[in-house]
Structure formats: C-alpha cells, structure tokens
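Colleague: I would like to learn how to read a structure. Please take me through one, feature by feature.

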Amino acid sequence: MTTVKSNVDSTRLENTEDIKSTEISSTDNYSEGDEKLSALNTELHSQEGFSSFGFSDGLIRTLEKKGYKEPTPIQKEAIPELMLGRDLLGQAQTGTGKTAAFALPILERISPTNGRPQVLVLTPTRELALQVADSFNAYAEGHQGIKILAVYGGSDFRSQINALKRGVDVVVGTPGRVMDHMRQSTLLQKELQTLVLDEADEMLRMGFIDDIEWILEQLPEEKQMILFSATMPSEIRRLSKRYLHNPAEITIKAKKKDAQLIRQKYITIQNSYKLAALKRVLEISAKEAVIIFARTKVITQRLAEALEAANHNVAVLNGDVPQNLRERTIERLKLGGIDILVATDVAARGLDVERIELVINYDMPFDTEAYVHRIGRTGRAGRNGEAILFVSPREKSYLNNLERVVGQKIEKMEVPNNEFINQFRIEKLKTELASETENKKDDDKESSILSKLVDELETEFEMSPRQVAMNALKLATGKSQLLINEDESWLTKQDTFRRRNERYDDRSRSRRRNSFDSRSPEKDKQRYRLDVGHKDHVKPGNIVGAIANESGLKGKMIGRIQIFEDHSLVDLPKGMPTNIFHNLKRVKVMNKELNITLSN
Ligand code: AMP
C-alpha cells in the first residue's frame, strides 16, 4: 500500500483507499496484486476526473452524461472534506461550480428514508433556490428515490405542504418560506443532517440574518454545516465561528481568473443620453444574449419598451413579474426566444444562462458586491464574457473601487459613433452574404428558381450580374436605410457636460449641506454621525440595511439620513443600548467602519 500512497494525491487518499483495498482483496497472489495496484495507480493518475473521490458508479455516469470531465478547483478541495462529513466554510462565487461541490457529496451521503428532510439548503432568492434544486435533481439522476423540493415565497404554499407531506429528502428554500414551514411544522427539522447556507453574504445583505439564526437554533445540534459566501463580512465570520465546528476552510481565488475571462469596460455617459447610447452599444455587440441591469422596476419596464420598439427581442425580469412568468422568461432566454433581458439585481441573482455573453450595467450597482454578482451572469462555466458599465461623470471615482475588488482594469470604451456603426453594418452584411454561399444546397428547388430568375433578368432586361446583385441588395436591406445618419453631436458634447455637471454638483451639495444641518431631529430621536459619505458612494439604503441588521431596529424606526462628502448623519431612536452602539461602531458599509458617534 505504501507505494500507492506515496504516488497518490494526498487530498484524495481517504477515498481512494477503499476502492484499492476491495480491488486487491480477491487476489491471493501477491505479485499479481502488486501489478493490479500499479495498474490502478497509473489509472488514478491518467483519469484525473471525478473517479478518485470514491463516488458511486451511478453518480460517475451522471457526471459523464453532463459532460463534466474535471472537477473545478472548489470541487477538488471541498468534495473530499464533505465526503468525510466535515463542516465547511467556503469562500467562492457562483460560476465556480460550488453547487456541485456541495450537492455531489451530500447526495452520496444520504439514502432515501422515511421522507423526512435530511438536507436543508438556504439561498437568498427564489431564483437561486430553483436553480440549486434543479442542479440537485440533475445530479441525483442515478440516486433512486431521492426527492428534492424548492420552497420559496411567491409560489403556492399548499402545494409545497403537500409535497412535504408526501416526503422529501432535500429541501432548498429561501429563509422566510423555510421559517414559515418550520413554524407550522410542515417542515420537520428533527432528522436534518446537513445544512447549507449558500451565498451567505447575499442573505446578510438582504436582511435575512435574523431568520437564518432563528432557523439554525431550531436544528439538531449534531449536523453537518456548510457555508458558502462570495465575501466574508465580519457578520458571516461571526456566524461561522458560532455554528460551524472545526470547519475545513477553503478560499477559491479562481474567481479572479473567472472574472478575467470577463472583459470589463465602462462608458462615461450623461444620464439623458443613456438610452441612445444603449441602443448604439447593442447594435454593435453581436452577442448571443445580453442582460441589462437597471436600478428600479420602472426603469426596467421603460427600457424594455424602448428596446422592443427598436425591434429587439426583449423581456423584463423584476420583482413585479409573477414567479411562473419569471421561470418561463428564463427558459425562453435559454432557448433563444429572447435575446435581451432587462432586470433588477434581486430578480436576476443566481441566473445561470450560458447564452449570456454581455452584461450591461445601465445603472450603477448599489455596491461592489452587486457589481461582482452582476458581471458573473456572463462568462459562465469558463466561457468568455463581456461587461459594460455606464457611468455618469460624477460616478466616475467609483471605478477605482471596482477595479480593486475585481483585481482587474476596467477599460474605457466610447459610445459607437455613426461611422463605427455603419462600418459594422456593412461588415455584417458582407459576412451574411458570404455565408449564404456556404448555406447553398445544389438540390434546393428555390435556389434553382432564383438562378433562373437571374438568367431571365440578364437576357430579358439586359442587366449585368452586378446590376442584379445591387438591386437584390437594396431590396434585402429593406426600407430602413443601411446607414445610420442620426444626430451624434451629443457624443462629442459629453466632456463639456461633465465639467459643467461637476461644478453644479459641488454647488448644490454645499447648498444642501447648509439647509440640512439646521433641521434638528424629531423629539424621540437622537442624531448620530457615521464615518461614510458620498466619497464612499454610500446610499441611504446601505445605511438603513446595516443599522437594521446590527441593531434589530425596524427600517421605519430609522429617521432622517443625510449624506455628506465624508460623513453621514442619521437620526435614531433615543436610548440605544450600549452593546448595540458598540457593535454598530464596527459595522462596515461600503467596506468602511461606521464608527458611529453622537452628533452635537
Ligand atoms: P455554480 O458555480 O454552481 O453556479 O456552477 C456554474 C456552472 O458550472 C453551472 O452551469 C454548472 O453546471 C457548471 N459546472 C459545475 N461543475 C462543473 C464541472 N466540473 N465541469 C463542467 N461544468 C461544471
């Protein structure tokens, strides 16, 4: 055995050991066994794939069918630990293959029992819940009798209860809906063996932290806990320290490599010209599918209408779109019925559609994490992708922050001008014409009729082949002109606008500062000072979220928020307990500690 050990990758040793011992146990001839061992050893080296994890034949076949040849880095590191039943704290983003990293070993460790849930996976959104449940289903093809259910808000409660009653082994759900089921005892937690928190930082950001802790408190003491998070804010660290036991810790920096597969660009653009710029960018993008992120539902709707009017195949994905329609929309995007999706952050979280080759950040994301999540919608599973960010002149300083986080330069890009677009249109037409030759089938009946038509034009009308071709091209390009001839003077005016805007901004900011400070807080509130301001790109929502998470205050208890260049003021109910005050000091918003102090 020792010869084998020294040659085999140590992280896989525990799992391969079993296979090897069963392989040789039937051999009573030592030298023959030795040969077998060395053959096996060579095999282990040559087929790096999934076979060395000690997976069942059924799972290996499923993975082969799915075309997974090599485990991704997170899978290489996490699977051996999880197969041993260890707790795991993993820092990895979507797109790294993390779902399979936890789903595969989980499936291998459970067997269908009495139908009480054995595994619970919590995800921040229903889209991700559905996606993870889909992945589980796909991976469980070779695991007879394992039942998986997604539970999330916005879908029929009763049918979920019925499914739970019929028996489920793996429940994937959003915290709120899982809590509801637990409270009603429709989800019984007594037999849960494994809990997965997927995209924990996202759940924190969305204000689910209390719900998660509540759920954790209900679960059996003895269980395996797996926590995945793209970033590790202090709150997630605290959670992991409290609930994970001696976890294996894995950080996958490969995401950086993934992000590098995504070419990132920005366009400086005045708000009023964004739509015109978007249409121009889309015209020259030549991408299979595109996702456009906008800040609000209203903007997504308006954009979709404008793009539809410009003959794009477009759909909206926002919180107002009912669940069943969202699922249909995503399906249509996958199948090519839609090429452009206009979405809000929450609605598109976790979206995994390989066709998406371009992400356009029409509106600036609320923070750097949202940016990372957004651009992660492209470049899926090692594919190349592109991301374009629209930045208004005054948002430009935010770029440095983004570049630091993604560890990559975001290149400047110009809005394509008329000349560029026309060049593009001509090239496109040329390529299409040239590829028609390749498409031509000799036995095609229509082609022979057309060819006869050309002959007739040449003889009856004495037209040259060139004239025929020219006329045909004019007809093909249709009534709309081949060349764009729109006013483009605004493209060159951008710089002048920017300078004027910056001056105006400074003036209005200082005016606001003077008028705000003079208003005192309501009588039941006290004013506090926070160390984050405009220069950190903080928005009121970030402050409300952080304070509500840490202090347990309801959003509506948080009073007026005033944001200044290097600090902010917030009015909070009088009599804040010292421990909360103390904790709030260390809470980070936009990566900066709030360092809250009483303002006088
Ligand atoms: P995830 O990070 O879980 O969102 O996975 C990202 C994508 O990678 C999904 O489309 C998976 O189907 C795919 N994937 C996961 N593991 C592998 C693998 N070992 N080989 C090829 N594709 C994979």
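Colleague: Which polar side-chain atom lies 2.9 Å from an oxygen atom of the ligand?

Modeller: First, the ground rules. This is a predicted model, where local features need pLDDT of at least 70 and side-chain atom pairs count only at pLDDT 80 or more, while totals for chains, interfaces and linings use all residues. Residues are numbered from 1 along each chain as its sequence is written, and side-chain values use heavy atoms, with hydrogens and water left out. Now your atom: it belongs to D352. Such a polar contact is a pair of N or O atoms within 3.5 Å. The backbone takes part too. A backbone N or O atom of G97 sits 2.7 Å from a ligand oxygen, and one of E70 sits 2.8 Å from a ligand nitrogen.

Colleague: How much of the ligand does the protein bury?

Modeller: Taken alone, the ligand exposes 500 Å² (Shrake-Rupley method, 1.4 Å probe). The protein buries 82% of that.

Colleague: Which residues come nearest to the ligand?

Modeller: A residue is near if one of its heavy atoms lies within 4 Å. There are 15 residues around the ligand, and Y68, Q75, G95, G97 and T99 come nearest. Domain 1 (2–256) and domain 2 (259–415) each give at least three residues to this shell; the bounds come from an automatic or database domain assignment.

Colleague: What about the sheet? How do its strands pair?

Modeller: Strands of a sheet pair through backbone hydrogen bonds, either parallel or antiparallel. Here seven strands form an open sheet with parallel pairing, in the order 10-11-9-12-13-8-14. Strands are DSSP runs (E, at least two residues), numbered from the N terminus, and two pair if DSSP finds at least two bridges between them. Strand 10 (314–317) and strand 14 (411–412) are the edges, each pairing on one side only. Strand 10 pairs with strand 11 (residues 340–343) over four bridges. Within that pairing, A315 has L341 as its bridge partner.

Colleague: How many aromatic pairs are there?

Modeller: Rings of Phe, Tyr and Trp (its six-membered ring) pair if their centres lie within 6.5 Å; planes under 30 degrees apart are stacked, over 60 edge-to-face, the rest tilted. The count is nine. One is Y362 with F390, tilted, at 5.8 Å centre to centre and 45 degrees between the planes.

Note on methods. Polar contact = N/O pair within 3.5 Å; in protein donor to acceptor, adjacent residues only side chain to side chain.
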